[in-house]
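This report describes the fold and selected local geometry of one protein chain. The sequence and coordinates are shown first.

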Amino acid sequence: MIRDITIGQYYPVDSLLHRLDPRTKIIGTFTFIISLFVSRSWYAYGLSFLFLTLVISLSHVPIKFMLKGLKAVMMIILFTVLLNLFLTPGEPIVTFWRFTITNEGIETASQMAIRLVFLIVGSSIMTLTTSPISLTDGIEYLLNPWKRIGVPAHEIAMMMTIALRFIPILLEETDKIMKAQMARGADFESGSIFKRAKNMIPLLVPLFISAFRRADDLALAMEARCYKGGEGRTRLKQLKYEGHDLAVFFSVGAYLAVVILFAIYFK
């Protein structure tokens with residue numbers, strides 16, 4: 001399951017999405033997330049599915065690679081679905097013991113599952129098609145207007161990008177530690193889910209030690225290069241919008257407008 005997490009990874013291929021300005025992808029991702037929470041009808045979810053399918057095809061990232069990231073959060077999705085299925089009041093269909101399944105519960109659980117899957121896949125497209133450096137520049141540019149009220153734009157962008165970049169590194173480190181302990185007789189695959197969770201506890205100590213060591217090495221490397229924050233720093237590549245960025249802005253805006261119309265007229 002550790003190998004299935006794709007959040008924070010970058011998939012280097014040549015595609016339209018890879019060539020887009022990082023600010024366009026960040027704004028587009030947030031717009032897509034907003035559309036998922038605005039959606040209240042199956043028409044809107046169908047439109048979101050078509051839009052997401054188009055984006056995935058333009059990214060040239062294999063669909064199997066994207067869907068692989070859902071395995072790591074499948075338990076969270078299942079838990080959320082069960083909560084909505086049994087705790088949503090409405091017209092009862094099946095009742096057993098203290099649990100009741102209602103029409104509204106089935107509809108809410110189904111929509112919540114679709115929303116979570118679309119949310120995870122749509123968000124992962126941004127990191128899969130944007131390098132860490134470009135992502136840092138894009139976040140910093142978008143946060144620059146908030147500098148007037150004291151928001152440290154560069155520092156926030158740097159922290160967010162380092163956190164995203166460290167996810168695949170820590171996952172790789174976890175996989176190495178698991179293989180080393182399995183070679184010594186540790187068992188992480190058999191038993192109940194609670195037993196397997198308990199067996200994961202010995203991984204935490206070496207993993208935290210490794211994380212702190214990497215963080216310390218990174219801090220020393222930044223100090224050795226005289227890093228003192230974003231004040232006065234220049235960039236090798238300046239971000240600028242091009243024609244395809246404007247086309248994407250128009251397409252995403254039109255998509256959100258149609259989703260809002262569906263939410264108003266098809267409840």
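**Basis of the description**

The model is predicted, with local features requiring pLDDT of at least 70 and side-chain atom pairs counting only at pLDDT 80 or more, whereas totals for chains, interfaces and linings use all residues. Residues are numbered from 1 along each chain as its sequence is written, and side-chain values use heavy atoms, with hydrogens and water left out.

**Overall architecture**

The protein contains 11 helices and 2 strands, where helices (H or I, at least four residues) and strands (E, at least two) are DSSP runs numbered from the N terminus. Along the sequence, these elements follow the pattern α-α-α-α-α-β-β-α-α-α-α-α-α. Taken along the principal axes, the C-alpha atoms fill a box of roughly 65 × 55 × 40 Å.

**The hairpin**

Strands β1 (residues 92-96) and β2 (residues 99-102) pair in the antiparallel sense over 4 bridges; pairing requires that DSSP finds at least two bridges between two strands. Across this pairing, P92 stands opposite T102, and V94 is placed opposite I101. The hairpin has 2 residues between the strands, and W97 adopts a positive phi near 55°.

**Packing around helix α2**

Helix α2 (residues 22-38) packs with α11 and with α7. The table gives the geometry of each pair; axes are lines fitted to C-alpha atoms, for helices over the stretch in contact, and angles run from 0 to 180 degrees between N-to-C directions.

| Helix pair | Axes come within | Crossing angle |
|---|---|---|
| α2 (residues 22-38) and α11 (residues 243-265) | 10 Å | roughly 5° |
| α2 and α7 (residues 132-143) | 8 Å | roughly 70° |

Helix α2 is therefore roughly perpendicular to α7. Their contact (heavy atoms within 4.5 Å) involves P22, R23, I26 and I27 of α2 together with S134, L135, G138, I139, Y141 and L142 of α7. By class, this contact has 7 nonpolar, 2 polar and 1 charged residues. Here Ala, Val, Leu, Ile, Met, Phe, Trp, Tyr, Cys and Pro count as nonpolar, Asp, Glu, Lys and Arg as charged, and the others, Gly among them, as polar.

By contrast, α2 and α11 are roughly parallel to each other. Angles under 35 degrees count as roughly parallel, over 145 as roughly antiparallel, 65 to 115 as roughly perpendicular and the rest as oblique. On the α2 side, the residues that meet α11 include T24, I27, F32 and V38, and their partners in α11 include D245, F249, Y255 and A263. The contact of α2 with α11 has 12 nonpolar, 4 polar and 1 charged residues.

Helix α8 (residues 153-183) has 31 residues and should span 45 Å at 1.5 Å a residue, which agrees with the 45 Å between its end C-alpha atoms. The expected span is 1.5 Å times one less than the number of residues. A kink of about 30° lies at I167, shortly before the proline P168; the bend at a residue is the angle between axes fitted to the seven residues ending there and the seven starting there.

Q181 also belongs to α8. Leaving aside residues up to four places away in sequence, Q181 touches A186, F188, P202, L203 and P206. Its C-alpha atom is separated by 44 Å from that of L50, 131 residues apart along the chain. Just after α8, G185 takes a positive phi of about 105°.

**A further positive phi**

H60 lies in the loop between α3 (42-59) and α4 (63-68). Although H60 is not a glycine, its phi is positive, at about 65°.
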